[in-house]
Amino acid sequence: MSETITRAPRRSGPARRVGDVVFSGTSRASALLILVILAGVAIFLTVEALPVFTSGSADITGGEGFFSYVWPLVAGTVIASIIAMVVATPIAVGIALFVSHYASRRIGQTIGFVVDLLAAVPSVVFGMWGMQVFAPKLVPFFGWLEDNLGFLPFFADGSATGRTLLTAALVLAVMILPIITSVSREVFVQTPRLHEEAALALGATKWEMIRTAVIPFGTPGVIGGTMLGLGRALGETMAVAIILSPGPFTWNLIGTGNKTIPSEIALNFPEAAGLRLSELIAAGLVLFALTLAVNLIARWIVDRRSEFSGAN
Amino acid sequence: MEKSDMSKRIDINDLNIFYGAFHAVKDVTMAIEPKTVTAFIGPSGCGKSTFLRTLNRMHEVIPGARVEGEVSIDGRNLYGRGVDPVDVRREVGMVFQRPNPFPTMSIKENVLAGVRLNSKRLSSGAADELAERSLRGANLWNEVKDRLDKPGSSLSGGQQQRLCIARAIAVQPQVLLMDEPCSALDPISTLAIEDLINELKSDYTVVIVTHNMQQAARVSDRTGFFNLEATGQPGQLVEFDDTQRIFNNPAQQATEDYISGRFG
C-alpha cells in the first residue's frame, strides 16, 4: 500500500484527484448560484421600485408619499405574523416534546406524520377553510373578546363576518405549526443521551430532565424553526388574501381593516401598471428587507449563545 | 458540614437483571462496606456496567429493563414498593464513561445543576460556597476558579470529568458510582481522577467499573470479577474479595486467567 503512494508521480503540492476537483467545483458553483439568485432578486426589486422614490408624493396611492402608503401594510404583516408565531411556537414545541420524549414510538410516528400532512395542505385551501369555516366560528369568540376585553384597542369592535387580521393570524399559526414542530422535533431527538442521563443520574424527573438537558440543547434549533415559520407567515399570500377583508390600518384586531404586504400585492398586481406597479414592487422590496432582518436577528440570537451550544 | 455519616453500606441480595427476555446478569449477592472503594472488573459484555447501573436504578432508562432481587442501602431496599427512582438517584450519584457536563451551562451552573433540581432555593452566597466546596472536593477549584462563568465544555476532557464528579458530590450523595470514568482520558488526567477517588473514599462509598486492571489494583479496596460462561449467557459475579487477594491469590481459576491476561 505504502509503495503505491511513494511511487505515485509527485508534483508540487498534494495530488489532485478528479473526484475532489469535480465535487469542490460543483459545491462551489451551487454556493455561488444562491448568491447570484439573491442578488438578482434584490436588483430587480430595487430597479423596478426606483420610480416610487423619485416621483412626487402626491402621485403615490393615498397621496401622501410611499412611506404613508407602505407602513400600514408593514404593520399588518408584522402584527399578523407575530401573533401567528406566538400562538404556534408553544404548541409546536409541546408537540415536538411529546413526539420525541413522551409518546410511544408508534403514536409518535403517527402524530409526526399527521403534522407533516398539515404542511402538505395548500395555502389556498387554508384560505378557503379560514374564510368559510373558521371565520364564522370565531365571530362569537370575537364578541366575547369585545365584551370582556373591549377596553383594549385591539378588541374594540367585533366583525360580523370574522374575516379579520386575528382570524388570518390564527390560520397562519396553523400553517406554520408543521415547520416549527418538525424542526423542533428533529433537534429534540438529537439531544445526546449522555446529557439526558447526566440529568437523570442527578435525580431529575422526566420533566426536569427535559428542562435541563433537552430544551437548552434544542433552543437554537427551535429558534431556527420559529424563524422559518415567521418567514413563511410574513410571506404568506393566498390564505391572507382570501381571509382578510382588507381596509385601512386599525389597531382593532377583531374588526374589519388592515392589509398585509403579500395580500396587497396579490390582490392588486394583475391590474397594476406604471407607477402603481412600482409601488407594489417597492412594497415587495420592503417585505424582502423585513424577512432578511428577521433572519439576521435569528442568526444573531443563535450565535450569541454558540459558546454554550455544545458544538465545541 | 457533617460528612462523616454520609457513606452507606450497600447489600445486594440475589440480584438478577433482565432486558426484556434477555437475562443479562445472574444471581449477584455481595456487600459493599461504607467508605471503601469497590472495583468491578471483567471482560466486555459481562454485565458489570449493567450491574452498576442497578445500584441507582439508571438501568431503567432503557425500556424493558427490570430486576429481580434486592439492593439495600443501609437496610432500605431500593426496589421496595413505592420507592421513587428519582429519590434513589439523588442519594446515589453517578459519573459516566464519557464526561457529560451540560453544554448550555457554565462551570458553576453545572456544579449546581443537581442542587437546583432538588428545588432548594440557594442564596447566591450559599451557591458560591457550595460550588467552591464541590470543585475543591473534585480537585478542580484551582484550575477553574477564575472562569466559573465559562461553559463547562471549554474544559479539557479530564477537567470535564472532574467537573462531573463535582456535580455529583454537590448534592451530597451517600454513594458514588463511576462507570469507567477514565476510559476516555489520557494518562495524566487518569492519574488525577485516581488520586481523587482515593480522597473521596474518606467521605463516600465509591463503586467503580473499570476496564483497566491496574487501575482496579491501584484505587480499590475490594474487587469483584464478573464473567460470562459463553456469549448469550448471563454475566455473573465470579469472585469478590479484597483487591490484594484478587490480584495475588484469587480463589477461582477464571479470575486468575483474566488477571494474568489469558483472556478478556
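What volume does the second largest cavity have? In this predicted model, the answer is about 40 Å³.

Two elements give two or more residues to the lining, namely α7 (193-201) of chain A and α6 of chain B. Of the elements involved, α6(B) gives the most, with three residues. By class, the lining has seven nonpolar residues and one charged residue, with no polar ones.

Helix α6 (residues 157-170) of chain B also packs against helix α3 (residues 107-117) of chain B. Two packed helices are described by the angle between their axes and the distance between the axes. For this pair the angle is about 35°, and the axes lie 7 Å apart. The crossing of α3(B) past α6(B) is right-handed. On the α3(B) side, the contact is made by Ile107(B), Asn110(B), Val111(B), Ala113(B) and Val115(B), while α6(B) supplies Leu163(B), Ala166(B), Arg167(B) and Ala170(B). Seven of the residues in this contact are nonpolar, one is polar and one is charged.

One residue links the two parts of this picture.

Conventions
Residues numbered from 1 in each chain as written. Chains lettered and ligands numbered in written order. Predicted model: local features only at pLDDT ≥ 70, side-chain atom pairs only at ≥ 80, totals over all residues. Heavy atoms only, no water. Axes fitted to C-alpha atoms, helices over the stretch in contact; angles between N-to-C directions. Helix = DSSP H or I, 4+ residues; strand = E, 2+ residues; numbered from the N terminus. Left-handed = near helix turned anticlockwise from the far one by under 90°. Contact = heavy atoms within 4.5 Å. Nonpolar A, V, L, I, M, F, W, Y, C, P; charged D, E, K, R; others polar. 1 Å grid on protein atoms, 1.4 Å probe; cavity = no way out; pocket = protein on both sides within 12 Å on 5 of 7 lines; lining within 4 Å. Points joined across faces, edges and corners; volume = space filled by probe spheres on them.
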